[in-house]
Amino acid sequence: MDILNALVALANFVIVPATAYGAQLALGALGVTLIYGILRFSNFAHGDTMAFGTMAVVLTTWGLQAAGITGGPLPTALLALPVGIAATALLLLGTDRAVYRFYRVKKAVPVTFVIASLGVMFVMNGLVRFIIGPDDQRFADGERFLITARDFKEMTGLAEGLALKTTQVITVVVAVIVVAVLFWFLNKTRTGKSMRAYSDNEDLALLSGINPERVVMYTWLMVAALATIAGTLYGLDKSFKPFTYFQLLLPIFAAAIVGGLGSPLGAIAGGFVIAFAEVTITYPLKKVLGYLLPESLEPDGLVQLLSTDYKFAVSFVILIIVLLFRPTGLFKGKAV
Amino acid sequence: MTTQTQGQTTRALILFALVAALLVGTGVMQSWNVALTILNMGLISAVMALGVNIQWGYAGLFNVGIMGFVALGGLGAVLISMPPNTEAASAGGLRIALGLVLGAATVVAAILAYMRLPKFRGWATAAILLAGFFVFRSVLDPGVAAVEAVNPASEGNIGGLGLPVLLAWPVGGLLAAGAAWVIGKTALGLRSDYLAIATLGIAEIVIAVMKNEDWMARGVKNVIGLPRPVPYEVDLQQAEWFRELVTEFGTDPVTASTIFVKLAYAGLFGVILLGLIWLTQSALASPWGRMMRAIRDNETAAEAMGKDVTARHLQVFVLGSAVVGLAGAMMTTLDGQLTPGTYQPLRFTFLVWVMVIVGGSGNNWGAVLGGFLIWWLWVQVEPLGALLMQGITAGMADGSWLKAHLLDSVAHMRLLTMGLVLLLVLRFSPRGLLPER
């Protein structure tokens with residue numbers, strides 16, 4: 001019984017939240033890694049792109065709610081997603097036209113793109129704050145829980161409860177669908193194949209008649225969808241605040257690098273590695289150990305390795321370890 | 001002097017005259033207090049921009065963790081200049097010091113184990129780190145608790161050394177340099193994006209540590225009332241010589257005292273800035289400077305000439321970070337308080353980048369110009385934006401939600417403007433206002 005209780009406690013406080021968070025990070029890291037693979041720069045504006053997409057979704061959600069349309073038990077935001085993705089796609093294509101294309105034609109060095117992305121980051125950040133303000137916005141509606149902790153206890157008779165939030169389940173389901181579609185697209189369609197070819201060897205791809213501007217356009221469209229979905233899922237699960245999205249940049253970059261920059265599979269693995277490490281290390285394990293260890297060995301403290309405020313430190317340390325020992329990441333991303 | 005460099009000098013003179021005109025204009029239109037506040041932060045911004053220019057302009061190192069080094073400088077100012085807290089120091093100071101030494105020893109032992117051991121080195125390193133972490137926490141935590149229990153409402157930290165605050169400035173620089181050495185040792189020599197992301201991370205961690213480790217500098221409870229290198233306004237108003245001076249000029253003693261204090265700060269900062277410009281300019285003109293630029297422009301060629309590129313990069317990274325730390329200590333002194341909650345990457349990292357890029361990367365005078373110009377703009381965008389918004393919304397009906405929303409959002413014009421300025425300069429004048437010669 002104790003072992004079961006320990007497992008349930010672990011699932012409730014670590015495994016379930018980390019899985020949802022990992023899925024959100026993975027979607028974010030996929031966007032970063034796609035841009036890196038095709039456009040060959042680290043996009044510092046990605047966090048703010050996610051914020052912009054989520055903002056568009058939040059505003060549409062409010063509009064739908066005002067019109068009396070809801071998703072029933074599901075969050076209305078899911079219905080608003082297409083609008084958010086379209087708005088973000090327009091913004092990203094516009095930025096590419098106004099900012100990045102100039103440097104692409106000039107064949108500027110990657111760091112110029114990075115600096116340009118800093119400028120874009122400022123503008124997007126300002127834009128989001130200008131439109132929706134810097135405050136916390138909650139936009140989740142529908143059923144809050146799939147299973148509440150109390151129901152679970154009554155169902156199983158265990159001392160520990162396992163709560164399953166609707167948003168957590170939706171996050172994982174949506175992430176699986178998105179990743180499946182993405183991989184199908186990259187591996188089976190003509191455009192997806194040309195994107196991979198372009199990423200592998202630009203010159204060879206150009207030689208075989210691939211239109212680079214088309215590849216770039218598709219990349220931005222996919223990034224818009226990924227960023228908006230990642231941001232919306234994160235916002236549903238937690239809440240929407242522009243500054244938090246800016247701060248997500250670090251774990252997302254860490255996930256992309258840990259997995260191997262430019263490798264989509266790596267981005268997903270990296271997202272889960274970072275999320276599980278962050279949640280496990282900042283969660284007080286006393287409860288779990290209390291069930292497992294005999295009474296005499298029971299820990300006095302909370303057995304919280306680091307306070308939650310240091311969650312950035314966790315992604316950072318993992319990042320450093322990977323950089324030192326395996327600079328190309330777990331899945332052999334692009335070197336140099 | 002060739003005509004080209006002559007033209008450049010004229011250009012620099014005109015642009016600096018423009019900055020002076022902007023400041024004087026602010027003084028006349030708004031108030032001299034506002035103008036001097038902008039000037040003082042402008043001087044500090046110029047020092048920060050110089051530091052970043054040393055890294056980016058000389059060596060092409062992309063550091064986006066400036067905020068962390070600024071904050072470390074501020075921490076240095078607190079630890080050196082605040083009066084000692086003997087009660088707290090005797091309660092847990094020794095334990096904390098021991099804990100930190102043990103923590104450092106663990107890391108060193110792990111690195112040695114990894115480098116020296118013939119077999120199982122991965123496992124041995126991991127075991128040392130894990131065991132060391134628990135020992136570190138078990139020694140440190142009681143000490144932290146003891147220190148934080150001492151008079152928590154107004155103290156609860158180990159206090160400082162009680163030394164003159166001017167001494168804290170170089171120490172702030174040293175703290176930042178130490179952090180830069182550690183981060184440079186790990187991330188330099190890898191590709192440039194990695195340094196960027198590593199520095200982004202270290203900055204967040206520095207801020208997280210400063211916010212949460214209350215024993216060090218009270219965390220988000222803030223340290224206030226740092227000693228000042230210049231006299232207090234109240235004392236000035238009492239002083240005989242100052243009152244005579246004021247009656248001679250025929251001004252109000254209260255305003256005059258605030259202006260006098262700001263001028264004193266401006267003098268101090270100005271001396272530091274001029275000294276740094278002199279140092280950086282001579283460094284850039286020396287063989288060392290030529291070597292740095294050679295490395296920046298073609299690493300492979302420089303390496304083939306026998307230059308140790310990674311070692312030079314580490315050196316220049318540490319130097320630049322030290323200058324940024326110095327600026328951070330100066331800023332904390334000027335504010336008279338350390339408020340970890342106010343360190344935001346957009347303000348302290350990316351704004352400094354805008355200054356360097358706009359001013360002209362690789363040119364020290366350009367960085368200084370960018371520091372003044374962008375800081376002035378950063379402060380003045382808000383009133384200017386408010387005017388603009390009032391103009392735009394003038395025709396709208398009172399009480400409409402759009403009008404209220406637009407007027408409320410003026411505060412966010414800053415970020416938008418800075419982004420646009422950066423993008424426009426990068427596009428149309430990529431070498432900045434004062435290009436490198």
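Start by selecting A:Ala26, B:Val47, B:Met330, B:Val354 and B:Leu422: in the largest nonpolar core, which has 222 residues, these touch the most other members. A nonpolar core here is a set of buried Ala, Val, Leu, Ile, Met, Phe, Trp, Tyr and Cys residues joined through C-beta atoms within 7 Å. Buried means 20 or more other C-beta atoms within 10 Å of a residue's own, with C-beta atoms placed from the backbone. Next, color helix α1 (residues 2-39) of chain A, which gives the most to this core, with 19 residues. Helices are DSSP runs of H or I with at least four residues, strands are runs of E with at least two, and both are numbered from the N terminus.

This is a predicted model, in which local features need pLDDT of at least 70 and side-chain atom pairs count only at pLDDT 80 or more, while totals for chains, interfaces and linings use all residues. Residues are numbered from 1 along each chain as its sequence is written, with chains lettered from A and ligands numbered from 1 in the order in which they are written.

Now center on B:Val47. Beyond neighbours within four places in sequence, its contacts (C-beta atoms, placed from the backbone, within 7 Å) include B:Ile272, B:Leu276, B:Val323 and B:Met330. Another core, of eight residues, lies apart from the largest one; pick out B:Ile96 and B:Trp215 among its members.

Then move to B:Leu334, in helix α14 (residues 309-335) of chain B. Buried or exposed? B:Leu334 counts as buried because it has 23 C-beta neighbours inside 10 Å. Leaving aside neighbours within four places in sequence, show B:Asn40, B:Ile44 and B:Tyr265, which B:Leu334 contacts.

Finally, zoom out to chain B, with its 18 helices and two strands.

Note on methods. A residue is buried if 20 or more other C-beta atoms lie within 10 Å of its own, exposed if 12 or fewer, and partly exposed in between; C-beta atoms are placed from the backbone. Two residues are in contact if their C-beta atoms, placed from the backbone, lie within 7 Å.
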